Amino acid sequence: MARPKPASRNFERIADWMLLAVMFWTIAVSFKNTEVLTVGDWEMWVDWKDREWWPLLYPLICISFPAISQAIFWKHFRLPIGATFAVMGLMLTTWTSLFLGHIGWTRFPLTLVWGATLIPGALLLDGILLLTANPVVTAIAGGALFSIVFYPANWPILAPFRLVVEHLGQLATVADVVGYTFTRTSMPEYLRIIERGTLRTFGENPAVVSALFSGFLSVIMYGIWFTIGLKLSNLPRMKNAYSRYMGLAA
Amino acid sequence: MNPRLLVSSVSILALLLAGATPAIAHGERNQEPFLRMRTAHWYDVTWSADQVKVNDEIEIRGRLHIFSDWPKHLFELKTVYLNLGANGPVFVKSATYLGDTPMMQSTHLEYGKEYEFRIVAKARTPGRHHVHPMLNVGGAGPLLGPGKWIEVTGNAADFVFPLKTLDGITIPNLETWQLGNVFRVHAYWLVLAFAWLGWWFRGGPSLLSRFRVLETGREETLFNNADRIAAAALVVLALFSVAYGMISTNSKYPRTSALQGGRVRVFPLPDSPDQVIVRHQKGVYQVPGRSLQLTLKVTNRTPRPVRLGEFTAANLRFVNRALPAAVAGIPANYPEDLLTRTGLVVTPDDPIAPGETREIKVEAADAAWETERLASLMGNPDSSYGAVLFFFDSQGKRTVSEVSGPAIPVFTTL
């Protein structure tokens, strides 16, 4: 490796951190906006986290930015951190939004609005990319696992909210009661897209079918977004006037 | 930066912020008049208290009339949800009922029918809050009933909402249930994520140097066996953690259920055999006088003589002060802003005999037409008003009717 001179090494380190910071915020904010506008309600409310649509749609939509980020980090830096990097950005923006918006401003309790974690799937995506060094295999194995592990990975958080209670003479889960109790004027009960469709006819727990189906679709989604990431990062390049200071060329 | 520009910018910002006041409304006057006048009419609404402490409950109850002349050109009434209209969860819902049916889920209501509602709300946040009964309607949004200011005193930190599961697990407070667990699970995965990112950034990000190496085609120098072992360990640990978390959680909570999202069925109050039929003949909204002047044809199909006692639209009550039975229907603590000062003028105002059909003139004049932004119905596509009318017999027995029709604006004094 052509080592830069010591004087320029500090400059390079600053440039590295600046580049990383710009990438982090760009990905984090874009990722959060996309998530909020597409599957935000499933992420936002505890009484939307059902067995059918949440494990199907949420990881399926949210694999987009990890795939793009992986493409950029892998293509230009051969770093297998893109998925974790993107998901960490999402986590930061999610929890910032939770504490400043939902709790600090609208005073919703955290039991109503806690966010799910995508980190397990992201770690698997990154790990598999390094082990295979092959985006196609990563799409098949990692893309599928990203969605398949989403529901079980979040089950330890969700399960206490799925305990059964009797409330107002009806059977309900704790999540139902939390959603009912804490007033949301613009989120009436009928807007919830939960447990709708014929998927419930497949066995007792449709979460398994949803997760597997989501895993299958995520293979395709990963491929699409990884390709888009490659194209997006393939920007027109200008002649580098400082290349000789960077130790790149004479 | 230019100091003058900086001082000017800060001064302008300070001036803008100086005039800012906290927003306390939640848009009830912002809805189009047809949404407030021709959809859901709330009446006999009472609030059990004006002032409560944190954890105390209030009860809001009354009746709901679903208008027959619903603005169907915009949306059909399909799915509705009884809700509490307040500025966020300052009050929480302990119970809501339509008739005897708990309203945890949504339902369907029928045009032209009446329903009794009851909302039990528990105070959560200290302050002065405007609290309404509310109906969320699929396709139309929230329809607010009359609102009343309720003072909540005490400390927000004292709020609790306990619950007990069918397994016998006691939930001390829904607001804080299992939050420690939420943070623990997130923290575990965050530690793993930081460890993975830290592995690659342990000597600094090295983005540019890696980029340089890739440019020169020496990719193999960017990884070593330790990296591959770390990746394999990460994959194994992640899969094991997910499996362990799932299995241990299932053993801890063996009985869980699906979210409950069905529709409940509610039944309206039975139709009254005694009816007063009201037909719109002519409607004029006099803009300078802020007065809605109606000519109505009234047919009394009750066995007793009746008089018109109240005209209510968009939660505004125009009461015929000449009729004691109508005045008696106003609770002492009813919100003053919803009671018009001038009331209702009916001509002729003598009783309408059983079986008689009579043409009467009704004038509902008040500045509230403007302040409540109802005069803008002239700008609606069909420019129609809608109202519920209360007729009273000599015993004080009430009959509820509805009326609607076009209102023609008059821009000069008649």
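How many residues of chain B are in contact with chain A, and how many of chain A with chain B? In this predicted model, 95 residues of chain B are in contact with 93 residues of chain A, contact meaning heavy atoms within 4.5 Å. Local features need pLDDT of at least 70 and side-chain atom pairs count only at pLDDT 80 or more, while totals for chains, interfaces and linings use all residues. Residues are numbered from 1 along each chain as its sequence is written, chains are lettered from A and ligands numbered from 1 in the order in which they are written, and side-chain values use heavy atoms, with hydrogens and water left out.

The size of an interface is often given as the accessible area lost when the parts come together. Chain B and chain A bury about 8200 Å² between them, 72% of it on carbon and sulfur atoms; buried area is the accessible area (1.4 Å probe) that two parts lose on being put together, summed over both. On the chain B side, Met104(B), Arg212(B) and Leu259(B) lose the most area to chain A, together 11% of what that side buries.

On a 1 Å grid over the protein atoms alone, a cavity is a set of points where a 1.4 Å probe fits but cannot get out, a pocket is an open set with protein on both sides within 12 Å along at least five of seven lines, and lining residues have an atom within 4 Å of a point. Grid points are joined across faces, edges and corners, and a volume is the space filled by probe spheres set on the points.

Of the 15 residues lining the largest cavity, Asp47(A), Gly179(A), Tyr180(A), Glu189(A) and Tyr81(B) are the closest to its centre. Helix H9 (174-181) of chain A and strand E4 (80-85) of chain B each supply at least two residues of this lining, and H9(A) gives the most, with three. Helices (H or I, at least four residues) and strands (E, at least two) are DSSP runs, numbered from the N terminus.

The second largest pocket holds about 700 Å³ of space. Among its 26 lining residues, the closest to the centre are His65(B), Glu114(B), Ser272(B), Gln275(B) and Val400(B). Strands E3 (57-66), E13 (276-286) and E20 (398-406) of chain B give two or more residues each to the lining, and E20(B) gives the most, with seven.

Strand E3(B) also has partners in chain B. E3(B) pairs antiparallel with strand E1 (residues 40-47) of chain B over six bridges, two strands counting as paired if DSSP finds at least two bridges between them. Here Trp47(B) has Ile60(B) as its bridge partner. Nine bridges join E3(B) to strand E7 (residues 114-123) of chain B, again antiparallel, with Arg63(B) opposite Glu116(B).

Elsewhere in chain B, five strands form an open sheet of mixed pairing in the order E17-E18-E14-E13-E21. Strands E17 (344-347) and E21 (408-410) stand at the edges, each with a single partner strand, so one side of each is left without a neighbour in the sheet. E17(B) is joined by four bridges to the antiparallel strand E18 (residues 357-365) of chain B, and Thr347(B) stands opposite Lys361(B). The peptide bond from Thr347(B) to Pro348(B) is cis, with omega near -10°; Pro348(B) is in the loop between E17 and E18 of chain B.
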